[in-house]
Amino acid sequence: MRIHLAACLMTAALLSAAMQNAEPALAQASNKPLPVVEKPAPPEKNPPGDIPDDQVFIEYRSPQGFSMQVPEGWARKDGGDSVSFSDKYNTIEVAVTSDLTQPTIASVKQAQVSTLESGGRAVKITQVKTTKLPAGETVSIAFGSNSEPNPVTNKAIRLENERYFFWKDGKLATLTLSAPFGADNADQWQLMSRSFRWQ
């Protein structure tokens, strides 16, 4: 009986010591700050992103095997498998990758949407749909996001974006059109997306 009582007392003492050691760690874990979730930037009152009605478009032919109409005079930046054209907060980007299967609404929602939401800046998806264009049937995503902060003011603005997935013979071209939220570029975006052609 004495041995059993001594064993119980020893076990209680060990548990008490363990709890005392655990308390600081638990307190430290509970005081750990939660990750900051980026909030959508407020839309600009007078967004500086309208593409002028008299904007001249020229044909761009890519070594990646496609062509499309792009605004004349915009700054061009070439990457390994991508190209972008920009003017202030307006951006057009096309990236070409290998993909054995043609995108569907289901596959885009499963892969592309989740990647956008987890890796983008305050991304909010507004629509995923199929669109028939001269280059063929595509899947497109409409979404809002924040811009990268201005290097001088550190200010980000709210953008609206349309992303198109063009597929042919194992090649996937991802066209993304971006502009300040509220800019009136519907006709120009339609012109550019409809001009895309595989060569």
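## Working through a predicted fold

Lys77 stands opposite Ser84 in β4. Residues are numbered from 1 along each chain as its sequence is written, and side-chain values use heavy atoms, with hydrogens and water left out.

**Exercise 1. Describe how β3 and β4 are joined, and find the setting of Ser84.**

*Step 1.* Helices (H or I, at least four residues) and strands (E, at least two) are DSSP runs, numbered from the N terminus. Two strands pair if DSSP finds at least two bridges between them.

*Step 2.* β3 and β4 run antiparallel and are joined by four bridges. A hairpin of three residues links β3 to β4.

*Step 3.* Ser84 is a residue of β4. Its relative accessibility is 15%, so Ser84 counts as buried; the scale is buried under 20% relative accessible area, exposed over 50%, partly exposed in between (1.4 Å probe, protein chains only).

*Step 4.* Contact means heavy atoms within 4.5 Å. Setting aside neighbours within four places in sequence, Ser84 is in contact with Ala75, Arg76, Lys77, Ile92 and Glu93.

**Exercise 2. Which residues have the most contacts inside the largest nonpolar core, and which elements each supply at least two of its residues?**

*Step 1.* A nonpolar core is a set of buried Ala, Val, Leu, Ile, Met, Phe, Trp, Tyr and Cys residues joined through side-chain atoms within 4.5 Å.

*Step 2.* Phe66, Met68, Ile92, Val94, Phe166, Leu175 and Met192 have the most contacts inside the largest core, which has 24 residues.

*Step 3.* At least two residues come from each of β1 (57-61), β2 (66-71), β4 (82-87), β5 (90-98), β8 (158-168), β9 (171-180) and α3 (186-195). The most come from β9, with four residues.

*Step 4.* A second, separate core has ten residues, including Val113, Val128, Phe143 and Phe165.

**Exercise 3. Is Leu133 buried or exposed, and what does Leu133 touch?**

*Step 1.* Leu133 belongs to strand β6 (residues 124-133).

*Step 2.* With a relative accessible area of 12%, Leu133 is buried.

*Step 3.* Not counting residues up to four places away in sequence, Leu133 touches Thr138, Tyr164, Phe166, Ser193 and Arg194.

*Step 4.* Leu133 and Gln190 are 57 residues apart in sequence, with 9.6 Å between their C-alpha atoms.

**Exercise 4. Contrast the two loop residues Ala122 and Asn154.**

*Step 1.* Most residues other than glycine have a negative phi.

*Step 2.* Phi is positive for Ala122, near 50 degrees, and also for Asn154, near 65 degrees.

*Step 3.* Ala122 sits in the loop between α2 and β6 and counts as buried at 14% relative accessibility. Asn154 sits in the loop between β7 and β8 and counts as exposed at 61%.

**Exercise 5. How many helices and strands are in the protein chain, and what share of its residues count as buried?**

*Step 1.* There are three helices and ten strands.

*Step 2.* Along the sequence they follow the pattern α-β-β-β-β-β-α-β-β-β-β-α-β.

*Step 3.* Of the 199 residues, 34% count as buried.

*Step 4.* Among contacts between residues at least 6 apart in sequence, 51% join residues at least 24 apart.

Technical notes
This is a predicted model: local features need pLDDT of at least 70, side-chain atom pairs count only at pLDDT 80 or more; totals for chains, interfaces and linings use all residues.
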